[in-house]
Amino acid sequence: MKLSQFKFKLPEEQVALEPSFHRDECRLMVVHRKSGKIEMTKKDEEGNDLTDEEGNPVYLDFRNILDYFDEDDTFIFNDTKVFPARLYGTKEKTDAKIEVFLLRELNPDLRLWDVLVEPARKIRIGNKLFFEEDGPMVAEVIDNTTSRGRTLRFLYDCPHDEFKQELFALGEAPLPRYIVDKRSAKEEDMERFQTIYAQKEGAVTAPASGLHFSRELLKRMEIRGINFAYVTLHCGLGCFDPIEVEDLTKHKMSSEQMFVSKEACELVNKTKMNGHRVCAVGVSTARATETAVGTDGYLKEFEGWTNKFIFPPYEFGMTNAMIANFYHPESTMMMTQCSFGGYDLVYEAYKLAVKNGYKFGCYGDAMLILSD
């Protein structure tokens, strides 16, 4: 397919800049792949749309997701943990303010980090960056990796755990650029831009569809007998990279580290063998499971990296349900949704979302795609 097939007009006011007050109260749209049915509103006992006192439709909210799953179904979650990757320093001599976005630690002993800097034109090899007016955190640029990429060596002599603690104390939640260009990150973003089941540190953006799960909702799912499996894919910034080619087969995704355990495989494969639903929570989870699925359709243990880019036409081998947010035009996440639900049906769902005021982006509303 072509990039231009994923264009649509998204009103600026429908890009969510703030999370829902409660995690599980965003809107939910349900898309049925086989029947082509799209559900947006709650129904009464006779199947009629519910309306409020003013005659407005009562939309499904995320807590209604329970209505579509049964005992022994399994949800697969991405348990990666976001770290405070965005920090601000000043360049020596000029005192120019520089944004430093931490990508990953290259060498713990040498305090080497792969980072992005902004504005990049001001930062050259040999420059030093200071992160506190009178504090000890200083970094030296030792290499250029890309136009915006640099390798920094932090000049901080202390045990590694203490260094990481001090470094992260200087950072803030790595909200997407489309949010921080409109508002600054707040202290509470570090909690809300993190799933409640996050365990394994390494992500520089959140697996956003998982942000909707509250402790209360997970407890209700557990009581119903729904299983939870966990995989790890450390979400990078590749999902936000603009696609610069019309032919999608020529686009290359950045690699992300991922892990699929034996325990996750056993639970997911048992669910599938017994004919129950397996639901991927988020595009990152879908990419991980599709990387690790075998030719027999069952999940295999995996430890390594993936740069899998899923776009139509694509036949999913693992899951038969997917949860994802509504994303920006021409985004890789939207393309993966279209691969799972069918291009025409998901594109129609997106048009309905715009028309009915759904929120888009990491803090936006959710779509559940079912195979029925």
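Modeller: Let us begin with cavities. On a 1 Å grid over the protein atoms alone, a cavity is a set of points where a 1.4 Å probe fits but cannot get out, and lining residues have an atom within 4 Å of a point. The structure holds two cavities of 30 Å³ or more. This is a predicted model, where local features need pLDDT of at least 70, side-chain atom pairs count only at pLDDT 80 or more, and totals for chains, interfaces and linings use all residues. Residues are numbered from 1 along each chain as its sequence is written, and side-chain values use heavy atoms, without hydrogens and water.

Colleague: How much space lies in the largest cavity, and which residues lie nearest its centre?

Modeller: The largest cavity holds about 220 Å³. Of its 20 lining residues, Cys235, Cys239, Val283, Ser284 and Met333 lie nearest the centre. Helix α6 (283-292) gives the largest share of that lining, three residues.

Colleague: Which residues line the second largest cavity?

Modeller: Pro19, Ser20, Arg23, Arg192, Leu211, His212, Cys362, Tyr363 and Gly364 line the second largest cavity, which has about 70 Å³ of space.

Colleague: Now the helix: which residues of α8 are buried?

Modeller: An α-helix has 3.6 residues a turn, so residues three or four places apart point the same way. Buried means under 20% relative accessible area, with a 1.4 Å probe and protein chains only. In α8 (residues 343-355), the buried residues include Tyr343, Val346, Tyr347 and Tyr350. The buried residues of α8 pack against several elements, among them β1 (28-32) and α7 (332-341). After α8 comes glycine 357, with a positive phi near 75°.

Notes: Helices (H or I, at least four residues) and strands (E, at least two) are DSSP runs, numbered from the N terminus. The expected span of a helix is 1.5 Å times one less than its number of residues. Buried means under 20% relative accessible area, exposed over 50%, partly exposed in between (1.4 Å probe, protein chains only). Contact means heavy atoms within 4.5 Å. On a 1 Å grid over the protein atoms alone, a cavity is a set of points where a 1.4 Å probe fits but cannot get out, and a pocket is an open set with protein on both sides within 12 Å along at least five of seven lines; lining residues have an atom within 4 Å of a point. Grid points are joined across faces, edges and corners, and a volume is the space filled by probe spheres set on the points.
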